[in-house]
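Here are my notes on the model you sent, as numbered points. Please read them with the structure open beside you.

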Amino acid sequence: MKMKIATAALMIAAFSLPAFAADEFYVVQDVKTKKCTIVDKKPTETTMTVVSPSGTVYKSRTEAESGMKTVKVCTSN
């Protein structure tokens, strides 16, 4: 019985973790096109770079959009 409860708890945790990770947004810039976008995962590729001040992680897309307006490299293009 304990094994079933433990397994159920692990399954619930595994399915709920992605929902908690969705509240991270980054302002990134494509290295080649110099176009800025907002993404919900920290870029691991070398084609994108985080350009928000000090690598700021935003809690909502709206907050990231406001932050993108203040990033100099995003407003100059």
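1. Ser52 touches Val27, Tyr58 and Val71, leaving aside residues up to four places away in sequence; a contact here means heavy atoms within 4.5 Å. Ser52 sits in the loop between S3 and H2. Ser52 counts as buried because its relative accessibility is 5%. The cut-offs are these: buried is under 20% relative accessible area, exposed is over 50%, and partly exposed is in between, with a 1.4 Å probe and protein chains only. A polar atom of the Ser52 side chain lies 3.1 Å from the backbone oxygen of Thr56.

2. A word on the source: this is a predicted model, in which local features need pLDDT of at least 70 and side-chain atom pairs count only at pLDDT 80 or more, while totals for chains, interfaces and linings use all residues. Residues are numbered from 1 along each chain as its sequence is written, and side-chain values use heavy atoms, with hydrogens and water left out.

3. The protein has three helices and three strands, and from the N terminus on they run α-β-β-β-α-α. Helices (H or I, at least four residues) and strands (E, at least two) are DSSP runs, numbered from the N terminus. Of the 77 residues in the protein, 18% are buried. The protein exposes about 6000 Å², and carbon and sulfur atoms supply 64% of that area; accessible areas come from the Shrake-Rupley method with a 1.4 Å probe, and for residues only the protein chains shown count as cover. Among contacts between residues at least 6 apart in sequence, 38% join residues at least 24 apart.

4. In what order do the three strands of the open sheet lie? The order is S2-S1-S3, with antiparallel pairing. Two strands pair if DSSP finds at least two bridges between them. Strand S2 (36-39) and strand S3 (48-50) are the edge strands, and each pairs on one side only. On average, neighbouring strands of this sheet are turned by 40 degrees against each other, direction ignored.

5. Strand S1 (residues 26-30) pairs with S3 in the antiparallel sense over three bridges. Within this pairing, Met48 in S3 is the bridge partner of Asp30, and Val28 stands opposite Val50. S1 is mostly covered, since four of its five residues are buried.

6. Cys36 in S2 is the bridge partner of Gln29, and Tyr26 stands opposite Val39. S1 and S2 form a hairpin with five residues between them.

7. Lys34 deserves a look. This residue lies in the loop between S1 and S2 and has a positive phi of about 65 degrees although it is not a glycine. Lys34 is partly exposed because its relative accessible area is 42%.

8. The structure holds one disulfide, formed by Cys36 and Cys74, whose sulfur atoms are 2.0 Å apart; a disulfide is a pair of cysteine sulfur atoms within 2.5 Å. The pair links distant parts of the chain, with Cys36 in strand S2 and Cys74 in helix H3 (residues 72-75), 38 residues apart. The torsion about the S-S bond is about -90 degrees, so the disulfide is left-handed. Cys36 is buried, with a relative accessible area of 13%, and Cys74 is buried as well, with 14%.

9. Last, helix H2. Glu63 lies in helix H2. Glu63 counts as partly exposed because its relative accessible area is 37%. The C-alpha atoms of Glu63 and Phe25 are separated by 8.6 Å, and these two residues are 38 apart along the chain.

Conventions
Axes are lines fitted to C-alpha atoms, for helices over the stretch in contact, and angles run from 0 to 180 degrees between N-to-C directions. A polar contact is a pair of N or O atoms within 3.5 Å; within protein, one must be able to donate a hydrogen and the other to accept it, and residues adjacent in sequence count only if both atoms are side-chain atoms.
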